[in-house]
Amino acid sequence: MKTLFDEIDYALLNALAQDARVSWSDLATTLNVSPPTIRERVRRLQDRGVIDCFTVQISPAALGYTLEALVRFRPLPGKRHILEQKIQQSDQIVQCDKVTGEDGFIARVLLKSITELDPFLEPFSRIATTHTSIVKSSPVPLRLPPLQQETKR
């Protein structure tokens with residue numbers, strides 16, 4: 001079986017996962033290859049869809065969003081598409097998954113205080129039932145998939 005990545009690709013992905021702003025020159029020194037090799041490998045990983053983007057992670061709390069809630073939405077009959085559009089249009093929903101089971105969607109919502117919860121949920125009441133849980137902590141924040149080299153058989 002042909003491996004998808006070699007050890008340099010794995011090392012490059014791990015390094016970029018730690019600091020996506022690291023220079024090509026520093027990466028090249030760390031991985032013991034040339035800067036053009038780094039540029040080419042990053043371009044190839046982007047072309048293959050392995051690297052989607054380079055981004056910044058912003059602290060919601062630093063912007064005043066002190067409360068996170070998980071909201072399970074169960075669309076009312078015939079309202080699934082309307083609900084999905086409304087979810088996509090809400091700035092307070094920072095992540096949402098369409099799921100199997102009784103609920104149609106599970107969303108992560110940012111709020112500045114508990115007093116914002118009812119006004120947030122009210123517009124959804126005509127198209128879905130909701131169940132809300134307040135996030136106390138996140139022992140496993142959103143993280144990358146395991147980046148480890150495949151073992152050869």
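Start by selecting Glu40 and Arg43: both sit in helix H3, 3 residues apart, or about one turn of the helix. (Helices, H or I with at least four residues, and strands, E with at least two, are DSSP runs numbered from the N terminus.) These two form a salt bridge, with their closest N and O atoms 2.4 Å apart; the term means a side-chain nitrogen of Lys or Arg within 4 Å of a carboxyl oxygen of Asp or Glu.

A quick word on what you're viewing: this is a predicted model, where local features need pLDDT of at least 70, side-chain atom pairs count only at pLDDT 80 or more, and totals for chains, interfaces and linings use all residues. Residues are numbered from 1 along each chain as its sequence is written, and side-chain values use heavy atoms, leaving out hydrogens and water.

Next, pick Asp9 and Arg44, whose side chains meet in a salt bridge (2.9 Å, N to O). This pair ties together distant parts of the chain, 35 residues apart: Asp9 is in helix H1 (residues 7-18) and Arg44 in helix H3. Is Asp9 buried or exposed? Asp9 counts as buried because its relative accessibility is 2%; buried means under 20% relative accessible area, exposed over 50%, and partly exposed in between (1.4 Å probe, protein chains only). Arg44, at 27%, is partly exposed.

Now jump to Asp103 and Arg72, another salt bridge, with the closest N and O atoms 2.6 Å apart. Asp103 lies in the loop between strand E2 (93-98) and strand E3 (105-111), while Arg72 is in strand E1, 31 residues apart.

Last stop: Ile58, in the loop between helix H3 (35-47) and strand E1 (67-75). Ile58 counts as exposed, at 55% relative accessibility.
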